[in-house]
Amino acid sequence: MTSFWIKTLSTAALAAALSASPALAQTGRRATIALSINVNTFDPHMTGSFGSDMSLLSHIYPSLVIRGADLKLAPALAKSWTLVNDTTWRFELVEGAKFVNDEPLDAATVKWNLDRVRDPKVNARIKSWFDLVKEVRVIDARTVEVETSAPFPAFVDQLSMFFLLPPQWAASHNPATETMSGSRYRMTENVPGDHITLAANPAGWQGKPDFDTVVFKTIPEPASRIAALLAGEADLVTGIPTSELARVKASKNAIAGSVQSTRNVFIKFNTQKAPLDNKLVRQAMNYAIDKDAIRDSIFDGQAYIEPCQILTPSYFGFNPDLKPYPFDVKKAQALLKESGIDLKQVIEMDIPVATYIQGQEVAQAVAAMLGDAGLKVKMNEMDFGAYMNKYLRSRTLAQTSLLTHGWPTLDADGQLTLLAPGNQYAYWDDAAFGKALEAGRSTMDKDKRLAAYKDATKIMCEEAPVLFLYAQPTTYGVSKRVTWQARGDDWVRSFDMKPAQ
(Lines give C-alpha, C1' and ligand atoms only; values in the text may rest on other atoms or scores of the structure.)
Protein backbone atom coordinates (compact mmCIF):
# COMPACT_ATOMS: atom_id res chain seq x y z
CA MET A 1 0.00 0.00 0.00
CA THR A 2 1.30 3.48 -0.82
CA SER A 3 2.10 5.41 2.33
CA PHE A 4 0.47 8.63 1.23
CA TRP A 5 -2.01 8.28 -1.59
CA ILE A 6 -1.98 11.93 -2.58
CA LYS A 7 1.46 11.31 -4.11
CA THR A 8 -0.19 9.38 -6.93
CA LEU A 9 -2.32 12.32 -8.08
CA SER A 10 -1.47 15.76 -9.34
CA THR A 11 -2.64 18.69 -7.25
CA ALA A 12 -4.74 20.02 -10.12
CA ALA A 13 -6.44 16.70 -10.78
CA LEU A 14 -7.11 16.17 -7.10
CA ALA A 15 -8.53 19.64 -6.62
CA ALA A 16 -10.80 19.12 -9.60
CA ALA A 17 -11.99 15.78 -8.28
CA LEU A 18 -12.79 17.19 -4.86
CA SER A 19 -14.70 20.20 -6.16
CA ALA A 20 -16.37 18.65 -9.20
CA SER A 21 -19.79 18.17 -7.63
CA PRO A 22 -21.69 21.38 -6.89
CA ALA A 23 -24.47 19.26 -5.41
CA LEU A 24 -22.05 18.07 -2.74
CA ALA A 25 -21.43 21.61 -1.52
CA GLN A 26 -25.12 22.48 -1.69
CA THR A 27 -26.08 19.59 0.56
CA GLY A 28 -23.56 20.67 3.16
CA ARG A 29 -21.22 17.71 2.68
CA ARG A 30 -18.29 20.09 2.26
CA ALA A 31 -17.21 22.32 5.15
CA THR A 32 -14.69 25.15 4.97
CA ILE A 33 -13.03 26.45 8.13
CA ALA A 34 -11.07 29.70 8.01
CA LEU A 35 -7.92 29.91 10.14
CA SER A 36 -6.20 33.15 11.11
CA ILE A 37 -2.68 31.67 11.01
CA ASN A 38 -0.88 29.08 8.92
CA VAL A 39 -0.54 25.45 9.88
CA ASN A 40 3.19 25.20 10.60
CA THR A 41 3.73 21.46 11.05
CA PHE A 42 1.92 18.16 10.62
CA ASP A 43 3.83 16.52 13.48
CA PRO A 44 1.42 16.54 16.44
CA HIS A 45 4.31 16.23 18.90
CA MET A 46 5.95 19.41 17.62
CA THR A 47 3.18 21.92 18.15
CA GLY A 48 1.00 23.38 20.88
CA SER A 49 -1.11 25.63 18.64
CA PHE A 50 -4.65 24.40 19.26
CA GLY A 51 -6.47 26.90 17.05
CA SER A 52 -4.52 25.90 13.94
CA ASP A 53 -2.06 22.98 13.82
CA MET A 54 -3.75 20.75 16.39
CA SER A 55 -7.29 21.50 15.25
CA LEU A 56 -6.32 20.28 11.77
CA LEU A 57 -4.38 17.29 13.10
CA SER A 58 -7.30 16.19 15.27
CA HIS A 59 -9.02 15.24 12.00
CA ILE A 60 -6.09 13.09 10.85
CA TYR A 61 -4.67 11.47 13.97
CA PRO A 62 -6.50 9.79 16.88
CA SER A 63 -6.27 10.57 20.56
CA LEU A 64 -7.02 8.33 23.52
CA VAL A 65 -9.69 10.71 24.81
CA ILE A 66 -11.38 13.77 23.39
CA ARG A 67 -12.88 16.93 24.84
CA GLY A 68 -16.26 17.52 23.28
CA ALA A 69 -17.93 20.77 22.35
CA ASP A 70 -19.51 20.72 25.83
CA LEU A 71 -15.91 20.88 27.20
CA LYS A 72 -16.30 17.46 28.86
CA LEU A 73 -13.96 14.51 28.34
CA ALA A 74 -15.24 11.57 26.32
CA PRO A 75 -13.78 8.23 25.18
CA ALA A 76 -11.99 8.06 21.83
CA LEU A 77 -9.39 5.35 21.12
CA ALA A 78 -9.55 4.53 24.84
CA LYS A 79 -13.02 3.22 25.56
CA SER A 80 -12.33 3.42 29.31
CA TRP A 81 -9.62 4.37 31.79
CA THR A 82 -9.02 3.55 35.42
CA LEU A 83 -6.80 4.98 38.14
CA VAL A 84 -5.17 1.79 39.47
CA ASN A 85 -3.33 3.68 42.20
CA ASP A 86 -2.12 7.25 42.71
CA THR A 87 0.58 6.85 40.05
CA THR A 88 -0.79 4.29 37.60
CA TRP A 89 -3.44 4.71 34.90
CA ARG A 90 -4.86 1.82 32.87
CA PHE A 91 -6.48 2.33 29.46
CA GLU A 92 -8.65 -0.16 27.61
CA LEU A 93 -8.62 0.44 23.85
CA VAL A 94 -11.32 -0.11 21.23
CA GLU A 95 -10.94 -3.09 18.93
CA GLY A 96 -10.24 -2.95 15.22
CA ALA A 97 -8.83 0.57 15.03
CA LYS A 98 -5.99 1.08 12.56
CA PHE A 99 -4.21 3.57 10.37
CA VAL A 100 -4.82 3.75 6.61
CA ASN A 101 -1.62 1.75 6.01
CA ASP A 102 -3.05 -1.05 8.22
CA GLU A 103 -0.79 -0.39 11.19
CA PRO A 104 -2.81 -1.23 14.30
CA LEU A 105 -3.90 1.39 16.79
CA ASP A 106 -3.03 -0.83 19.71
CA ALA A 107 -1.25 -0.66 23.06
CA ALA A 108 2.18 -0.92 21.42
CA THR A 109 1.40 2.13 19.29
CA VAL A 110 0.34 4.11 22.35
CA LYS A 111 3.57 3.14 24.12
CA TRP A 112 5.72 4.08 21.10
CA ASN A 113 4.12 7.53 20.90
CA LEU A 114 4.53 8.27 24.61
CA ASP A 115 8.13 7.04 24.42
CA ARG A 116 8.80 9.18 21.35
CA VAL A 117 7.49 12.40 22.82
CA ARG A 118 9.66 11.89 25.95
CA ASP A 119 12.82 11.00 24.04
CA PRO A 120 15.39 13.84 24.49
CA LYS A 121 16.77 13.09 21.01
CA VAL A 122 13.39 13.87 19.46
CA ASN A 123 13.18 17.18 21.33
CA ALA A 124 9.41 17.23 21.06
CA ARG A 125 7.75 20.59 21.52
CA ILE A 126 5.26 19.04 23.95
CA LYS A 127 7.78 16.97 25.91
CA SER A 128 7.16 18.95 29.11
CA TRP A 129 3.51 17.84 29.09
CA PHE A 130 4.64 14.34 29.96
CA ASP A 131 7.67 14.89 32.19
CA LEU A 132 5.95 12.95 34.99
CA VAL A 133 5.48 9.82 32.87
CA LYS A 134 7.89 7.21 34.23
CA GLU A 135 7.01 4.05 32.33
CA VAL A 136 4.52 2.83 29.73
CA ARG A 137 3.64 -0.87 29.87
CA VAL A 138 1.84 -2.96 27.26
CA ILE A 139 -0.38 -5.39 29.16
CA ASP A 140 -1.92 -6.85 26.01
CA ALA A 141 -2.90 -5.56 22.57
CA ARG A 142 -5.89 -3.64 23.97
CA THR A 143 -4.55 -2.66 27.39
CA VAL A 144 -1.84 -0.18 28.27
CA GLU A 145 -0.69 1.12 31.65
CA VAL A 146 1.08 4.40 32.29
CA GLU A 147 3.03 4.84 35.50
CA THR A 148 4.01 8.33 36.60
CA SER A 149 6.80 9.35 38.96
CA ALA A 150 4.28 11.23 41.11
CA PRO A 151 0.50 11.70 41.10
CA PHE A 152 -0.59 13.33 37.83
CA PRO A 153 -4.23 14.34 38.35
CA ALA A 154 -4.60 16.05 34.96
CA PHE A 155 -2.99 13.23 32.95
CA VAL A 156 -6.17 12.05 31.21
CA ASP A 157 -7.13 15.65 30.42
CA GLN A 158 -3.67 16.11 28.93
CA LEU A 159 -4.17 13.13 26.65
CA SER A 160 -7.04 14.92 24.91
CA MET A 161 -4.30 17.03 23.29
CA PHE A 162 -2.01 14.10 22.44
CA PHE A 163 -2.29 12.54 18.98
CA LEU A 164 -0.85 9.23 17.83
CA LEU A 165 1.46 8.65 14.86
CA PRO A 166 1.94 5.25 13.15
CA PRO A 167 5.37 3.95 14.30
CA GLN A 168 6.40 1.97 11.19
CA TRP A 169 5.40 4.74 8.82
CA ALA A 170 7.17 7.40 10.93
CA ALA A 171 10.41 5.42 10.70
CA SER A 172 10.70 6.17 6.97
CA HIS A 173 8.70 9.38 6.57
CA ASN A 174 8.84 12.93 7.88
CA PRO A 175 5.77 13.58 10.04
CA ALA A 176 6.43 17.32 9.85
CA THR A 177 5.59 17.42 6.14
CA GLU A 178 3.60 14.21 5.51
CA THR A 179 0.60 12.54 7.11
CA MET A 180 -0.77 9.03 7.48
CA SER A 181 -4.35 9.01 8.65
CA GLY A 182 -5.62 7.02 11.60
CA SER A 183 -8.76 9.05 12.18
CA ARG A 184 -11.76 10.58 10.40
CA TYR A 185 -9.97 12.26 7.48
CA ARG A 186 -6.99 11.98 5.13
CA MET A 187 -5.09 14.97 3.81
CA THR A 188 -5.44 15.16 0.05
CA GLU A 189 -4.06 18.60 -0.78
CA ASN A 190 -1.72 21.08 0.85
CA VAL A 191 -1.14 24.52 -0.63
CA PRO A 192 1.10 26.14 2.01
CA GLY A 193 -0.16 29.48 3.20
CA ASP A 194 -3.49 29.08 1.40
CA HIS A 195 -5.45 25.92 2.16
CA ILE A 196 -5.38 22.26 3.16
CA THR A 197 -8.01 19.84 1.93
CA LEU A 198 -9.13 16.73 3.79
CA ALA A 199 -11.28 13.87 2.50
CA ALA A 200 -13.26 11.47 4.63
CA ASN A 201 -11.36 8.31 5.51
CA PRO A 202 -13.49 5.43 4.20
CA ALA A 203 -11.65 3.01 6.47
CA GLY A 204 -12.00 5.18 9.54
CA TRP A 205 -12.79 3.23 12.70
CA GLN A 206 -14.94 6.08 14.08
CA GLY A 207 -17.58 5.77 11.37
CA LYS A 208 -18.47 8.02 8.47
CA PRO A 209 -18.14 11.75 9.28
CA ASP A 210 -20.87 14.26 8.48
CA PHE A 211 -18.77 16.01 5.82
CA ASP A 212 -17.13 14.29 2.86
CA THR A 213 -14.63 17.11 2.42
CA VAL A 214 -13.19 19.60 4.89
CA VAL A 215 -11.07 22.55 3.80
CA PHE A 216 -8.92 24.55 6.21
CA LYS A 217 -8.27 27.90 4.55
CA THR A 218 -5.73 30.40 5.90
CA ILE A 219 -7.15 33.94 5.96
CA PRO A 220 -5.08 36.12 8.33
CA GLU A 221 -7.06 39.35 8.17
CA PRO A 222 -10.37 39.46 10.10
CA ALA A 223 -12.02 41.57 7.40
CA SER A 224 -11.12 38.98 4.77
CA ARG A 225 -12.45 36.14 6.93
CA ILE A 226 -15.74 37.98 7.33
CA ALA A 227 -15.91 38.63 3.58
CA ALA A 228 -15.32 34.94 2.87
CA LEU A 229 -18.10 34.00 5.29
CA LEU A 230 -20.61 36.44 3.83
CA ALA A 231 -19.72 35.37 0.29
CA GLY A 232 -20.37 31.72 1.12
CA GLU A 233 -16.69 30.79 0.77
CA ALA A 234 -16.30 29.77 4.43
CA ASP A 235 -18.61 27.98 6.85
CA LEU A 236 -16.85 28.76 10.15
CA VAL A 237 -14.69 31.74 11.03
CA THR A 238 -13.45 32.80 14.44
CA GLY A 239 -11.63 35.84 15.74
CA ILE A 240 -14.14 38.37 14.45
CA PRO A 241 -13.81 41.85 15.95
CA THR A 242 -16.73 42.35 18.34
CA SER A 243 -17.67 45.51 16.44
CA GLU A 244 -18.41 43.36 13.37
CA LEU A 245 -20.73 40.84 14.99
CA ALA A 246 -23.85 42.88 14.34
CA ARG A 247 -23.05 43.19 10.63
CA VAL A 248 -22.62 39.44 10.29
CA LYS A 249 -25.85 38.81 12.20
CA ALA A 250 -27.68 41.13 9.81
CA SER A 251 -26.58 39.15 6.75
CA LYS A 252 -28.71 36.54 5.04
CA ASN A 253 -25.96 33.96 4.85
CA ALA A 254 -24.53 33.68 8.36
CA ILE A 255 -25.02 34.03 12.09
CA ALA A 256 -22.51 35.36 14.62
CA GLY A 257 -21.95 35.50 18.34
CA SER A 258 -19.44 35.20 21.16
CA VAL A 259 -18.84 33.07 24.24
CA GLN A 260 -16.39 33.51 27.09
CA SER A 261 -13.16 31.79 26.22
CA THR A 262 -10.57 30.00 28.30
CA ARG A 263 -7.75 31.98 26.62
CA ASN A 264 -6.17 34.59 28.85
CA VAL A 265 -4.51 37.64 27.31
CA PHE A 266 -1.67 39.43 29.08
CA ILE A 267 1.56 41.29 28.57
CA LYS A 268 4.33 38.83 29.31
CA PHE A 269 7.28 40.21 31.24
CA ASN A 270 10.77 38.97 30.47
CA THR A 271 12.02 39.10 34.05
CA GLN A 272 15.49 38.18 32.80
CA LYS A 273 15.84 41.66 31.31
CA ALA A 274 15.98 44.98 33.13
CA PRO A 275 13.90 46.75 34.24
CA LEU A 276 11.38 43.87 34.35
CA ASP A 277 13.58 42.08 36.86
CA ASN A 278 12.26 44.66 39.35
CA LYS A 279 8.98 43.64 41.01
CA LEU A 280 8.02 47.26 41.72
CA VAL A 281 8.17 48.02 38.00
CA ARG A 282 6.01 45.01 37.20
CA GLN A 283 3.44 46.01 39.81
CA ALA A 284 3.48 49.63 38.60
CA MET A 285 2.68 48.52 35.08
CA ASN A 286 -0.30 46.56 36.36
CA TYR A 287 -1.66 49.62 38.16
CA ALA A 288 -1.14 51.76 35.05
CA ILE A 289 -3.67 49.95 32.87
CA ASP A 290 -7.38 50.77 32.72
CA LYS A 291 -8.63 47.29 31.89
CA ASP A 292 -12.28 48.31 32.06
CA ALA A 293 -11.66 50.90 29.34
CA ILE A 294 -9.98 48.27 27.13
CA ARG A 295 -12.89 45.89 27.65
CA ASP A 296 -15.55 48.48 26.93
CA SER A 297 -13.91 50.46 24.11
CA ILE A 298 -12.24 47.64 22.19
CA PHE A 299 -14.44 44.65 22.96
CA ASP A 300 -17.84 46.25 23.49
CA GLY A 301 -17.87 44.91 27.03
CA GLN A 302 -17.43 41.29 25.88
CA ALA A 303 -14.08 40.48 27.56
CA TYR A 304 -13.63 39.01 31.03
CA ILE A 305 -11.23 41.00 33.23
CA GLU A 306 -8.57 38.71 34.72
CA PRO A 307 -8.74 38.77 38.54
CA CYS A 308 -4.96 38.85 39.01
CA GLN A 309 -4.42 35.36 37.57
CA ILE A 310 -4.21 33.74 34.15
CA LEU A 311 -7.16 31.48 34.91
CA THR A 312 -10.87 31.89 34.28
CA PRO A 313 -13.63 30.28 36.37
CA SER A 314 -13.71 27.40 33.85
CA TYR A 315 -10.36 26.12 35.16
CA PHE A 316 -9.93 23.78 38.08
CA GLY A 317 -7.72 25.78 40.44
CA PHE A 318 -9.27 29.20 39.77
CA ASN A 319 -8.84 31.45 42.82
CA PRO A 320 -12.10 33.31 43.55
CA ASP A 321 -10.47 35.39 46.29
CA LEU A 322 -8.21 37.43 44.01
CA LYS A 323 -9.20 40.79 42.57
CA PRO A 324 -7.76 42.70 39.58
CA TYR A 325 -5.10 45.35 40.10
CA PRO A 326 -7.13 48.60 40.27
CA PHE A 327 -6.44 51.33 37.74
CA ASP A 328 -4.35 53.88 39.65
CA VAL A 329 -1.90 56.00 37.65
CA LYS A 330 -0.62 57.83 40.74
CA LYS A 331 0.12 54.53 42.44
CA ALA A 332 1.94 53.37 39.31
CA GLN A 333 4.04 56.53 39.20
CA ALA A 334 4.89 56.23 42.89
CA LEU A 335 6.05 52.63 42.45
CA LEU A 336 8.16 53.55 39.44
CA LYS A 337 9.82 56.32 41.46
CA GLU A 338 10.42 53.91 44.33
CA SER A 339 11.93 51.35 41.95
CA GLY A 340 14.72 53.78 41.07
CA ILE A 341 14.78 52.85 37.36
CA ASP A 342 15.75 55.32 34.65
CA LEU A 343 12.47 56.40 33.06
CA LYS A 344 14.32 57.57 29.95
CA GLN A 345 15.13 54.00 28.94
CA VAL A 346 12.99 52.39 26.24
CA ILE A 347 10.99 49.28 27.05
CA GLU A 348 10.31 47.18 23.96
CA MET A 349 7.10 45.24 23.33
CA ASP A 350 6.94 42.35 20.84
CA ILE A 351 3.55 41.98 19.18
CA PRO A 352 2.46 39.13 16.87
CA VAL A 353 0.24 40.67 14.19
CA ALA A 354 -3.05 39.21 12.97
CA THR A 355 -2.96 36.60 15.73
CA TYR A 356 -5.09 37.64 18.70
CA ILE A 357 -8.53 39.24 18.50
CA GLN A 358 -7.90 42.99 18.17
CA GLY A 359 -4.50 42.35 19.70
CA GLN A 360 -2.74 45.23 17.99
CA GLU A 361 -5.38 47.66 19.25
CA VAL A 362 -4.92 46.31 22.77
CA ALA A 363 -1.13 46.63 22.54
CA GLN A 364 -1.43 50.23 21.36
CA ALA A 365 -3.79 51.05 24.23
CA VAL A 366 -1.47 49.43 26.78
CA ALA A 367 1.56 51.27 25.39
CA ALA A 368 -0.29 54.59 25.58
CA MET A 369 -1.37 53.98 29.19
CA LEU A 370 2.15 52.98 30.20
CA GLY A 371 3.29 56.20 28.59
CA ASP A 372 0.85 58.14 30.77
CA ALA A 373 2.52 56.55 33.79
CA GLY A 374 5.94 57.73 32.61
CA LEU A 375 7.34 54.75 30.69
CA LYS A 376 8.65 54.84 27.12
CA VAL A 377 7.42 51.87 25.11
CA LYS A 378 8.56 50.84 21.63
CA MET A 379 6.31 48.39 19.77
CA ASN A 380 7.85 45.68 17.56
CA GLU A 381 5.26 44.10 15.28
CA MET A 382 6.07 40.77 13.61
CA ASP A 383 4.31 37.77 12.13
CA PHE A 384 3.38 34.92 14.44
CA GLY A 385 6.08 32.57 13.18
CA ALA A 386 8.84 35.09 13.87
CA TYR A 387 7.34 35.81 17.27
CA MET A 388 7.31 32.14 18.25
CA ASN A 389 10.91 31.76 17.11
CA LYS A 390 11.91 34.58 19.44
CA TYR A 391 9.76 33.16 22.21
CA LEU A 392 10.82 29.52 22.19
CA ARG A 393 13.80 28.94 19.89
CA SER A 394 16.17 31.82 20.38
CA ARG A 395 14.50 32.82 23.68
CA THR A 396 15.10 36.49 22.96
CA LEU A 397 11.74 38.05 23.74
CA ALA A 398 11.77 41.77 24.42
CA GLN A 399 11.18 43.06 27.96
CA THR A 400 7.44 42.84 27.28
CA SER A 401 5.29 41.05 24.74
CA LEU A 402 1.64 40.50 23.96
CA LEU A 403 0.76 36.88 24.62
CA THR A 404 -2.13 34.57 25.38
CA HIS A 405 -2.35 31.24 27.16
CA GLY A 406 -5.23 28.81 26.99
CA TRP A 407 -4.90 25.22 28.17
CA PRO A 408 -7.51 22.75 26.91
CA THR A 409 -7.16 20.51 29.99
CA LEU A 410 -8.97 23.33 31.87
CA ASP A 411 -6.74 22.54 34.82
CA ALA A 412 -4.35 24.90 36.59
CA ASP A 413 -1.72 22.18 36.38
CA GLY A 414 -1.33 22.86 32.67
CA GLN A 415 -1.97 26.58 32.47
CA LEU A 416 0.18 27.66 35.42
CA THR A 417 3.01 25.28 34.60
CA LEU A 418 3.76 27.50 31.60
CA LEU A 419 5.29 29.86 34.16
CA ALA A 420 6.96 27.22 36.34
CA PRO A 421 10.69 27.46 37.10
CA GLY A 422 12.68 25.89 34.29
CA ASN A 423 9.79 25.79 31.81
CA GLN A 424 10.83 27.04 28.38
CA TYR A 425 7.74 29.24 28.26
CA ALA A 426 8.30 30.89 31.63
CA TYR A 427 10.83 33.78 31.48
CA TRP A 428 10.30 33.88 35.24
CA ASP A 429 11.90 31.86 38.02
CA ASP A 430 10.12 31.85 41.37
CA ALA A 431 10.88 28.96 43.70
CA ALA A 432 7.84 29.49 45.94
CA PHE A 433 5.53 29.49 42.93
CA GLY A 434 7.15 26.31 41.66
CA LYS A 435 6.81 24.65 45.05
CA ALA A 436 3.09 25.46 45.16
CA LEU A 437 2.60 23.96 41.69
CA GLU A 438 4.40 20.80 42.73
CA ALA A 439 2.13 20.53 45.75
CA GLY A 440 -0.89 20.83 43.47
CA ARG A 441 0.19 17.99 41.22
CA SER A 442 1.58 15.70 43.94
CA THR A 443 -1.79 14.58 45.26
CA MET A 444 -5.08 13.28 43.89
CA ASP A 445 -6.98 15.02 46.71
CA LYS A 446 -9.02 17.83 45.09
CA ASP A 447 -9.19 19.98 48.23
CA LYS A 448 -5.43 19.83 48.68
CA ARG A 449 -4.92 20.65 45.03
CA LEU A 450 -7.22 23.67 45.24
CA ALA A 451 -5.36 24.92 48.30
CA ALA A 452 -2.03 24.58 46.50
CA TYR A 453 -3.24 26.47 43.44
CA LYS A 454 -4.66 29.16 45.68
CA ASP A 455 -1.14 29.62 47.06
CA ALA A 456 0.35 29.62 43.55
CA THR A 457 -2.05 32.22 42.15
CA LYS A 458 -1.60 34.43 45.21
CA ILE A 459 2.18 34.39 44.67
CA MET A 460 1.73 35.13 40.99
CA CYS A 461 -0.57 38.06 41.71
CA GLU A 462 1.93 39.59 44.15
CA GLU A 463 5.05 38.98 42.04
CA ALA A 464 3.33 40.06 38.81
CA PRO A 465 5.34 38.15 36.17
CA VAL A 466 2.77 39.40 33.66
CA LEU A 467 0.54 42.40 33.16
CA PHE A 468 -2.87 40.83 33.80
CA LEU A 469 -5.47 41.89 31.23
CA TYR A 470 -8.52 39.82 30.21
CA ALA A 471 -9.84 36.58 28.77
CA GLN A 472 -10.65 37.32 25.17
CA PRO A 473 -14.12 36.46 23.91
CA THR A 474 -14.44 33.65 21.42
CA THR A 475 -16.15 35.41 18.56
CA TYR A 476 -17.42 33.48 15.58
CA GLY A 477 -19.43 33.52 12.41
CA VAL A 478 -21.15 30.43 11.02
CA SER A 479 -22.77 30.01 7.62
CA LYS A 480 -26.39 28.96 7.59
CA ARG A 481 -25.38 25.83 5.66
CA VAL A 482 -24.09 24.30 8.89
CA THR A 483 -24.69 24.28 12.62
CA TRP A 484 -21.89 24.59 15.17
CA GLN A 485 -21.83 24.43 18.94
CA ALA A 486 -19.70 27.37 20.04
CA ARG A 487 -16.87 26.49 22.39
CA GLY A 488 -14.37 28.69 24.18
CA ASP A 489 -11.26 26.49 24.21
CA ASP A 490 -9.73 27.20 20.75
CA TRP A 491 -10.55 23.94 18.98
CA VAL A 492 -12.08 24.47 15.52
CA ARG A 493 -13.14 21.05 14.24
CA SER A 494 -15.55 19.94 11.57
CA PHE A 495 -16.88 17.15 13.77
CA ASP A 496 -18.30 19.82 16.10
CA MET A 497 -20.37 20.90 13.06
CA LYS A 498 -23.27 19.34 11.19
CA PRO A 499 -24.97 20.12 7.89
CA ALA A 500 -27.88 22.43 8.58
CA GLN A 501 -30.25 20.12 6.73
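Modeller: Let's start with a cut-off: a residue is called buried when its relative accessible area is under 20%. Keep in mind that this is a predicted model.

Colleague: Happy to. Is Trp169 buried or exposed, then?

Modeller: Trp169 has a relative accessible area of 2%, so this residue is buried. Trp169 sits in helix α6, residues 167-170.

Colleague: Let me try a strand. What is the relative accessible area of His195?

Modeller: The value for His195 is 17%, so His195 counts as buried too. His195 belongs to strand β9, which covers residues 195-200.

Colleague: Which side chains make polar contacts with His195?

Modeller: One is Glu189, whose side chain is joined to that of His195 by a polar contact of 3.1 Å. Another is Asp194, where the side-chain polar contact with His195 is 2.5 Å. Leaving aside residues up to four places away in sequence, His195 touches Glu189, Asn190, Val215, Phe216 and Lys217.

Colleague: Now helix packing. How should I describe a pair of helices?

Modeller: The general idea is to give the angle between the two axes and the distance between them. Here, take α10 (residues 291-298) and α12 (residues 359-372): their axes come within 11 Å and cross at roughly 145 degrees. The crossing of α10 past α12 is right-handed.

Colleague: Which residues make that contact?

Modeller: From α10 they are Ala293, Ile294 and Ile298, and from α12 they are Glu361, Val362, Ala365, Val366 and Met369. Sorted by type, the contact of α10 with α12 has 7 nonpolar residues, 1 charged and no polar ones.

Colleague: My last topic is the backbone. What should I look for there?

Modeller: In general, most residues other than glycine have a negative phi, and most peptide bonds are trans. In this model, Asp102 has a positive phi of about 75 degrees without being a glycine. Asp102 is in the loop between β5 (88-93) and α4 (107-118), and with 44% relative accessibility Asp102 counts as partly exposed.

Colleague: And where is Leu410?

Modeller: Leu410 lies in the loop between β16 (400-405) and α14 (412-415). Its phi is also positive, near 55 degrees, and Leu410 is buried, at 10% relative accessible area.

Colleague: Which residues does a cis peptide bond join?

Modeller: Ala274 and Pro275, with omega about 0 degrees. You will find Pro275 in the loop between β12 (254-269) and α9 (279-287).

Notes. Residues numbered from 1 in each chain as written. Predicted model: local features only at pLDDT ≥ 70, side-chain atom pairs only at ≥ 80, totals over all residues. Heavy atoms only, no water. Axes fitted to C-alpha atoms, helices over the stretch in contact; angles between N-to-C directions. Helix = DSSP H or I, 4+ residues; strand = E, 2+ residues; numbered from the N terminus. Left-handed = near helix turned anticlockwise from the far one by under 90°. Contact = heavy atoms within 4.5 Å. Nonpolar A, V, L, I, M, F, W, Y, C, P; charged D, E, K, R; others polar. Buried < 20%, exposed > 50% of the residue type's maximum accessible area, 1.4 Å probe, protein only. Polar contact = N/O pair within 3.5 Å; in protein donor to acceptor, adjacent residues only side chain to side chain.
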